[in-house]
Each structure stands twice: as C-alpha cells, then as structure tokens.
Amino acid sequence: MATEDMKKEILERLKNAVIQYDEDAAKEGADEALREGMDANDAIFNGLVSGMEEVGRLFEAQEYFVPELLMCADALYAGLDILKPHVKQLDLGLRGSVVIGTVEGDVHDIGKNIVKMMFDVAGFQVYDLGKDVPLDKFVEEQMKTHSDLVCLSAMMTTTMVGMKKVIDDLKAKNPDVKIMIGGAPVSQDIAEKWGADGYAPDANNALKDAINMISSLKKLKEEAEEKKA
Amino acid sequence: MPVHSLTSRERVLRLFTGDEIDRPPCFSGMGNVTAEGLKKFGYKFAAVHSDAKMMADSAASSYKLFGFECAVVPFDLCVEAEALGCEINVYSHVEDILYPTIKTKLINTEDEMDIQIPSDLAGRGRVPMMKEVIKLLKNDIGHDVAIGAHVLGPFTLAGQIMELNTLLKLSFKKPDKVGKLLGMLADALIVIAGEYEAAGADYITVREMGATSDVLSPRVFKSLILPYLTKIFSGLKGHNVLHICGKTNDIAVFMLESGARAISVDQKNDIAETRKKIGEKALLFGNYDPYNILVSGSQDQVRETMKGCLDNGVSAVWPGCDIWPTVPPENFHAMMDEVKKYRR
C-alpha cells in the first residue's frame with residue numbers, strides 16, 4: 001500500500017500531467033496509482049479532475065485557449081482510460097445518464113466534447129449522438145434511454161434556433177427531463193425564454209459548470225463514504 | 001458631388017475611399033437574405049444556394065424590401081471548401097432554415113496535410129455560379145446599391161476542409177506545418193476573391209471567425225494567422241473588410257495591420273474601446289447582435305442598439321454575423337429608419 005506521501009506525489013503528477021497536456025505522464029501516473037493500490041476514484045477526482053480545474057482557471061485567465069484545452073483533455077482521457085475499469089461503482093442516488101449532441105446544421109463539437117468529458121469523468125452513462133444531429137433524434141434517444149439530462153450544443157446563431165424545437169418536444173413528452181443548452185450564441189435570456197434548465201455560452205463556462213457538477217458529485221461521494229465509515 | 005443626394009452605392013464606396021458622406025451607411029459584408037425576401041419569390045432556402053437566379057433575386061430583396069444598402073453573396077460558408085473538393089450538405093429535406101455544411105473533410109490527420117490546390121479552382125464547384133450571381137446583381141440593382149461578396153479567411157477555411165480538433169492542436173504543436181497549409185489556402189482565396197472582383201463585386205469581406213480570441217490566443221493570432229491575412233489583403237485589388245466575431249478587443253489592432261481597408265467585429269467587442277485604440281480614421285464596422293436584437297428584440301431595442309453603435313463610433317452600422325432570415329420586417333424597417341435619421 002502506498003504511503004500518504006507517495007499518494008500525494010502521484011496525485012500531483014496526475015494533476016500536472018493534465019495541466020501540462022502530457023499524455024505520457026498521465027498514463028504513467030495512472031499506471032503507478034494502480035500499481036500502488038490507490039483508489040481509482042481518488043486518482044481521477046483528486047488527480048486528473050484537479051488538473052482540469054486548474055486548466056479551467058488558466059482558460060478563464062486567458063492563459064490557455066482552445067488548442068491547450070483540447071490537449072489537456074487528451075491527457076485527461078489518457079489517464080482516465082486506464083483508471084476507469086478500476087472504479088468501484090458508488091450509488092450516488094443519481095441515475096446519471098445523459099444524452100448529448102450538437103444540433104442539426106452545426107458541425108462543431110468541441111464544446112460538446114468538453115462537457116461530455118466531464119460526464120465521462122463523473123461516471124455518467126453518456127449517449128453521445130455526435131454532431132449535426134437531426135432534432136427528432138434527441139427526443140427519440142431520451143425516450144429510449146430514459147436519460148435524466150439532455151445537453152444540446154450549437155455554435156452558430158444559424159443553428160441555435162433548432163434547440164427550441166427540441167426543448168419543446170422533450171418537455172411535452174417528459175416534463176421531468178433536465179435540459180442544458182450550450183454554445184457561443186446562447187444566453188441566459190434565451191435559456192429562460194426557451195425553458196432550458198441550464199446554459200453555458202462557451203467552452204470555459206461549460207467546463208466550469210461541468211466542474212461544479214462534478215464537485216457536487218464529489219461531495220456526495222465523500223458523504224456516502226463517511227456514512228459507510 | 002453633393003453629399004445629400006448620394007445613392008446607397010455611392011455612400012458605401014465613398015466610405016471606403018475616405019470621401020465625405022452624409023451619414024454612415026447601414027449595410028453588411030455577410031449574408032443578408034431574409035425569409036420575407038424568400039417568400040416574395042416562393043423560394044425554399046435550401047434551393048437558393050445552387051441556383052444563380054434564385055440567389056441573386058434573394059440577395060437583392062433586402063434592398064428592395066427594406067432599403068438595406070447592399071446585396072451580399074453567397075449565403076453559406078462552403079463555396080471555397082467545395083471548390084477544393086469537399087462535398088456539401090444543403091439540408092434539402094429540412095423545412096426550417098439550415099445553412100449548408102461540409103459533409104466530408106479533405107484532411108483528417110497530420111499526414112494528410114500536403115494537399116494540392118487545383119489549378120482550375122476558378123472553374124470548380126460553385127465559383128462560376130457565384131460570378132454569374134454577382135453579374136445578375138450588378139444588372140439588377142448594381143447602379144444604386146453596392147454588391148459585396150465574402151470569402152473565408154485561411155484558418156477558417158482550414159477548419160472547413162480539415163478535422164478541427166487536429167487543426168487546433170497542430171496550430172499549437174506544429175505551427176510551421178499549419179502555416180504552410182494556410183499559405184496555400186491564402187493563394188486559393190486570392191484566386192476566388194479575384195474572380196468575384198472581376199465579376200463586379202464592389203467589396204470583399206474576408207471572414208476569419210475561426211481565429212477569434214475565444215479560440216486562439218492573440219499571440220498565436222499574431223504569429224500564425226496575421227501573416228496569411230496580410231497575404232490575402234495584399235492580393236486583393238478592390239475594397240475589402242476583415243471580419244472576426246467573438247472576442248476581438250485584443251486583436252483589433254492586428255486586424256488592421258493585416259492591410260484590410262476596414263475591420264468588422266461583433267457584439268462581444270467593446271467598440272468604444274476599439275475605436276480609441278485604432279484611432280478616428282480607421283474604418284470600423286459593427287456591431288449589433290443580428291439574432292438577439294434584430295430578430296428577437298423589440299423595435300425600441302433595435303433603435304437603441306443602432307444608436308448605441310453609432311454613438312460608440314462605428315463607421316457603418318453592420319451586423320455581427322449573417323442577418324438571420326426570420327428578422328421581423330418591422331425590426332428591419334426600424335433599423336434602417338434609425339440609421340437614416342441619426343446625426344452626429
């Protein structure tokens with residue numbers, strides 16, 4: 001079993017691997033965490049996700065831009081792919097499944113993929129419909145999977161208006177489903193007017209929102225563990 | 001020439017040449033088709049992209065219906081990529097308005113970046129059709145109204161023909177390789193824009209929205225994007241505009257350094273600050289929100305916004321992106337009226 005110091009050192013390495021977009025270091029860190037018998041959840045949340053939190057700050061401070069963000073995401077996935085098979089399922093009292101995609105007419109999926117990454121990290125079942133997704137497909141997939149969350153992304157004003165139709169359809173068929181919309185043209189005003197439950201205007205905000213969500217999951221997880229202890 | 005009797009075309013051209021004008025024009029360098037215009041002819045949006053007469057009719061209608069001071073083509077952003085060999089999707093099965101997109105990329109990985117620009121570029125895809133559209137527009141309303149055309153910037157075009165994730169990461173990891181591609185694309189864009197100019201376009205807008213500071217750092221903009229924009233503007237013969245949307249306050253000065261005659265920014269730009277930075281003389285176009293104001297705002301909001309743009313020092317009232325087709329006619333009229341009655 002790893003000593004506390006060694007654990008701290010491995011977490012720090014995982015965190016820095018994400019911040020410095022170093023895929024190899026992320027893989028090595030993840031392997032080592034497993035070798036030392038560390039809890040995979042711990043390595044993900046307190047290593048990789050901590051790194052992503054710092055990346056979010058760097059993005060907000062305009063030290064990092066989208067290319068850096070994409071490379072950091074690659075590093076996170078490099079570590080996550082190794083750690084994920086070893087995650088012990090925790091019952092968080094959430095169903096945790098999400099349908100996500102970029103609406104028809106829009107072929108931009110970077111923002112969508114960043115949000116998807118955070119759902120992956122959180123252990124959600126993610127139904128990724130990809131980009132340029134026909135509007136009816138979102139409703140169909142939600143009905144089929146009974147997902148509690150649907151995330152719609154559009155980068156262009158010219159495609160954003162399609163989201164309203166999806167929101168109306170979803171709410172009509174399943175009033176309980178939560179809907180999050182994202183993309184450059186989206187505003188608080190539009191989210192409210194169209195009846196979306198949440199919104200994120202850019203990758204940074206999407207990342208922040210997703211991190212907030214993960215942080216509250218982290219709390220739930222800690223509470224669950226305390227109860228067990 | 002007495003400045004109180006200018007036609008819209010004269011007003012726009014005199015703005016570019018720096019001659020005296022009665023008031024800033026209200027025009028655009030990006031798509032300006034409206035649902036009202038399409039309705040007038042009974043055209044479906046998905047059909048107008050590939051028919052010269054339909055496109056020319058639709059483009060002219062914003063002047064004819066509302067007095068908008070230009071006609072601009074094309075309406076979509078795929079002409080250049082299509083000429084380079086990409087297939088496009090016009091969404092003919094969809095009743096709503098969806099703009100064409102690229103179906104398949106030419107470049108998916110780093111190894112595929114050594115592409116050849118076809119030597120017969122001017123005859124490929126819809127480039128010949130676009131020349132025909134410009135000629136039709138010149139004959140129809142070209143005496144009274146300036147005719148504009150737009151091309152993408154090299155980086156934005158690279159994003160159309162190449163897997164975007166790969167392009168963005170390589171622009172950080174291997175800027176030399178990306179730079180080489182941008183240089184080739186700049187040459188291709190000079191050819192296409194040159195065809196539009198030869199067909200009679202009064203001004204060309206280069207749209208480089210992929211290089212907005214929401215995506216790329218101002219540092220990378222300066223080192224990787226600016227050299228190829230400069231290349232394009234030195235290759236254009238007529239009046240021209242550089243448009244970038246999103247965050248642009250930190251790159252507005254670089255945008256002018258590209259040699260563009262005018263720069264265009266969207267509603268995310270603090271335009272009063274930009275005006276201070278670039279000085280009184282530089283041509284600065286902007287910057288109302290074409291959806292949240294022009295389409296979904298009230299007439300009063302439209303008027304306030306246009307007045308705000310002018311108070312903040314724009315040289316022309318101009319949208320942050322394409323005019324979104326479902327603009328309510330009364331909002332379009334309110335915009336034109338507000339700009340026409342404004343006095344500094």
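Predicted model: local features only at pLDDT ≥ 70, side-chain atom pairs only at ≥ 80, totals over all residues.
Two strands pair if DSSP finds at least two bridges between them; strands (E, at least two residues) and helices (H or I, at least four) are DSSP runs numbered from the N terminus. B:A71 has B:I147 of β4(B) as its bridge partner.

Residues are numbered from 1 along each chain as its sequence is written, and chains are lettered from A in the order in which they are written. Local features need pLDDT of at least 70.

## The sheet

In chain B, 7 strands form an open, parallel sheet in the order β1-β4-β5-β6-β7-β8-β9. The edges are β1 (70-73) and β9 (316-319) of chain B; each has a single partner strand, so one side of each lacks a neighbour in the sheet. From one strand to the next, the twist averages 30 degrees.

## Helix α9

Helix α9 (residues 218-235) of chain B lies across β5 (203-207) and β6 (239-244) of chain B, at about 155 degrees to β6(B). Such angles run from 0 to 180 degrees between N-to-C directions, with axes fitted to C-alpha atoms, for helices over the stretch in contact (heavy atoms within 4.5 Å).

Buried residues of α9(B) include B:F221, B:L224 and B:L229, where buried means under 20% relative accessible area with a 1.4 Å probe, protein chains only. The buried residues of α9(B) pack against elements of chain B including α6 (154-161), α8 (175-199) and β5.

Methods:
Heavy atoms only, no water. Buried < 20%, exposed > 50% of the residue type's maximum accessible area, 1.4 Å probe, protein only.
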